[in-house]
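Dear colleague,

Please find the structure below, handed over for your own reading, with some notes after it on what was found.

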Amino acid sequence: MARPTSRRPGQNRRAQYGLFVSYVITVTGALFGLLLVILSRADPTGFSVIRSTMAEVTRPVSVSLERLVSGVGSLDENIVAYVKAGSQNLALRRQVDANRPMLIEAQAIKQENIRLKQLLHLVEGTHDKVATARLVSSSASIARRIARISAGRMQGVLPGMPVRADEGLIGRVIIAGPNTADILLLTDNQNIIPVRRVKDNIAAISTGLDDGTVEIRPLNAGSNPFRPGDVVVTTGTGGLYSPNVPVAIVVALRDGAAIGVPLANPARVEAVLVQRPYDAEVPAPATINNAASTRPFAGVMAR
Amino acid sequence: MIPAVPRLGSLPSRWRLQSIPICAIMLGSMMTALPIISQSPSMPPFGLLILLAWRLLHPEMLPLWIGAPLGAFDDVMSGQPIGTAVFLWSLMLICIEVIDQRIFWRDYWHDWLMVVGALVLCIGGALLMAHIAGSRTPPQLIVPQIIWSALTYPLIVRLIARLDRWRIMA
């Protein structure tokens, strides 16, 4: 089609001014946008209020459609499972037989663990659960990896709290609204988690790669100790994530680091658990100083 | 369903003519509220595609500055730092305006080429802004998204053309 004529005003002075003004407004708008980007980096509070308000508005849609979509999402898996039923059954039966002795052993160790902890008078914080929620939507159209859960401040969820599923770690809360909260998934490259290998405690750092995988980089420089199949869990260092939450399984090696796949796939998990930050249970240093000053040499005597 | 001609003596209201395109673009931006948990940038930016479809179908319907308010809404829905789409959509609309003044006749393929350019500008620009903010997202991650967003455009433009018929026929 031919181009329109009204934006080529010719000799009409009034139309010329109108066109000029619309360009000025547009350029001003664009520059205002740039300014907002800079401001939102300096002070993200105002932006998070707007975003969580809109999240409240769209929450009913997300929550009511969530069931339907998760059913559709696992359709392919169900079909494949049906086709493979026979051979899979055999393989699983062998695996169960192999796992049974280990399971019994683990139960014995668990009993022993409880007994030893009782002997040491260790009290475990069992009230670290804040809320249970569902993942209802995600930032599917942009490069950052943010998901939204169906619980917020009214359920006790606050920014900074770690979020996990039964299978493993999901991420941490970055924005909390009244009934929704935004979570930075562990596959986002701004989510850095201290981890260790389960079998021999080799310390590493897990960083998201934004494509559904994480990069696991050992703290010790030199040869890469990781092999495909290794499982890494959180260390508890940094005080945010509680220790021994499963994070990822190594699937490949790439220039000095290992590539891992998160054990909890956010697209598949049924429900997620919002927990208190691990560090909140550690007493503040001030009280320790007080205790030390009232009872001098307490530490030495205990030793 | 769609009446072939407008009813005699009744012209569609001004409110209807103006609001339907805006609502369509905002609905497109709200697609991220659907319960799809994606592991990589996979969903086409529907708000942007619908804005492009309206802009290329009706060059004079939306004012030039519409990119700023609609971009702000898209930022809130998508989760980008607010201002990203405000800037990129305004820049994109100015670029399309300039291209429109250069070429006299515009074909379907020209439209598509412009859409690809706009997608590269907006998705790539958003990635660039994220990089300035400290993100290290690999640039090749957005290539598939750009490709299937470009492939979605013909479908979007047909849907919008149908909606446009309904808009002016009531």
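In these notes a residue is buried if 20 or more other C-beta atoms, placed from the backbone, lie within 10 Å of its own, exposed if 12 or fewer do, and partly exposed in between. This is a predicted model, in which local features need pLDDT of at least 70 and side-chain atom pairs count only at pLDDT 80 or more, while totals for chains, interfaces and linings use all residues. Residues are numbered from 1 along each chain as its sequence is written, and chains are lettered from A and ligands numbered from 1 in the order in which they are written.

Helices are DSSP runs of H or I with at least four residues, strands runs of E with at least two, both numbered from the N terminus. In α5(B), the buried residues include D111(B), M114(B), A118(B), C122(B) and A126(B). What covers the buried residues of α5(B) includes α1 of chain A as well as α2, α4 and α6 of chain B, where a contact means C-beta atoms, placed from the backbone, within 7 Å. After α5(B) comes G134(B), with a positive phi near 110°.

Between the chains, the contact takes 50 residues from chain A and 53 residues from chain B; α1(A) gives the largest share of the chain A side, 14 residues.

Best wishes

Technical notes. Two residues are in contact if their C-beta atoms, placed from the backbone, lie within 7 Å.
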